[in-house]
Amino acid sequence: MTVQEESAAAPGGTGQPLVRLTGVQKHYGNLHVLKDIELDVARGEVVVVIGPSGAGKSTLCRAINRLETIDEGDIFLDGQPLPQEGKALARLRADVGMVFQSFNLFAHKTVLENVTLGPIKVRKKSKAEADKRGKELLDRVGVGHQAGKYPAQLSGGQQQRVAIARALAMDPKVMLFDEPTSALDPEMIKEVLDVMVDLAERGMTMIVVTHEMGFARTAANRVVFMADGAIVETADPETFFTNPESDRAKDFLGKIL
Ligand code: ADP
Ligand code: MG
């Protein structure tokens, strides 16, 4: 059974995709950056999005988090259209965890404060509760002993793991990763990918923009290849990497592999 079928068949499973994009169009002026995007992501599924620079991968992630508006089409999270504003939008941002290439930690807050701020402000958890969960998550990503330090005192790989813990602290329904290891020194890439693989194995629904083929082969259920604003092809990782269908994908893989 595929992940999607399992999800549909699971007790209490709704059968509807956790994330659904239908007919999504987005322009920046004359530039058509998202072209009729159709994408369903099932609960527990890990989708890796790959494609050349400028393909629209970041815009796609930002649209799902509603950091960008779209011109046409619909995006649903758990069957609900994305909220436009106000408290509902703040809740959506909490439900959709996002990890960027740049770690975006608050420089003047400690590692633990970075992780507990959202749960206290948005999820209305008590400080004690947020601290307890925050420490657990920092331990899980391997930086528990750094909780009292400031981001600048950590390596890039450690900071990115804190960023992952911070997103997880909100108990998101889905995690978006936009090239999370692209800004890291090579020796730090694996420690971040290991955390992501662990998360995938725990059943987190994930949309991951990355060129890390090892991660895609280990953790992805599906690879989505984007170019020029469109989804050009979708396949399981093995098929995609060994036998891509489109010339665009063949050309792209020829350059990066
Ligand atoms: P990718 O992440 O695949 O490299 P992006 O989603 O960042 O691609 O960008 C898609 C296209 O949209 C690119 O041509 C980029 O230059 C353009 N673009 C991205 N953000 C903006 C913006 N805020 N204003 C105008 N053009 C943008
Ligand atoms: Mg990008």
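D71 sits in the loop between α2 and β4 (72–77), with helices and strands taken as DSSP runs (H or I, at least four residues, for helices; E, at least two, for strands) numbered from the N terminus. D71 is partly exposed, at a relative accessible area of 42%; buried here is under 20%, exposed is over 50%, and partly exposed falls in between, using a 1.4 Å probe and protein chains only. Together with D36, E38 and E72, D71 makes up a negative surface patch.

Some ground rules: this is a predicted model, where local features need pLDDT of at least 70, side-chain atom pairs need 80 or more, and totals for chains, interfaces and linings use all residues. Residues are numbered from 1 along each chain as its sequence is written, chains are lettered from A and ligands numbered from 1 in the order written, and side-chain values use heavy atoms, leaving out hydrogens and water.

A patch takes residues with over 30% relative accessible area and no salt bridge, joining like charges within 9 Å. A salt bridge is a Lys or Arg side-chain nitrogen within 4 Å of an Asp or Glu carboxyl oxygen.

## Helix α2

After α2 comes R66, with a positive phi near 55°.

## The positive patch

On the positive side, K87, R91, K109, K121 and K124 gather on the surface. R91 belongs to helix α3 (residues 86–95) and is partly exposed, with a relative accessible area of 47%.

K124 is in the loop between α4 (111–121) and α5 (127–140). K124 counts as exposed because its relative accessibility is 67%.

## E179, another positive phi

E179 lies in the loop between β7 (174–178) and α7 (186–201). Phi of E179 is near 45°, again a positive value in a non-glycine residue. Buried or exposed, then, for E179? E179 counts as buried, since its relative accessibility is 17%.

## The annotated domain

UniProt lists residues 19–253 as "domain: ABC transporter", in an unreviewed entry; such annotations may be inferred rather than shown by experiment. Over residues 19–253 the chain is 39% helix and 26% strand. The end C-alpha atoms of that stretch are 27 Å apart.

Technical notes: Patch = residues over 30% accessible without salt bridge, like charges linked within 9 Å, V, L, I, M, F, W, Y side chains within 5 Å. Areas by Shrake-Rupley, 256 points an atom, 1.4 Å probe, with all protein chains shown as cover. Lys, Arg positive; Asp, Glu negative; His and termini not counted. Charge placed at Lys NZ, Arg CZ, Asp CG, Glu CD.
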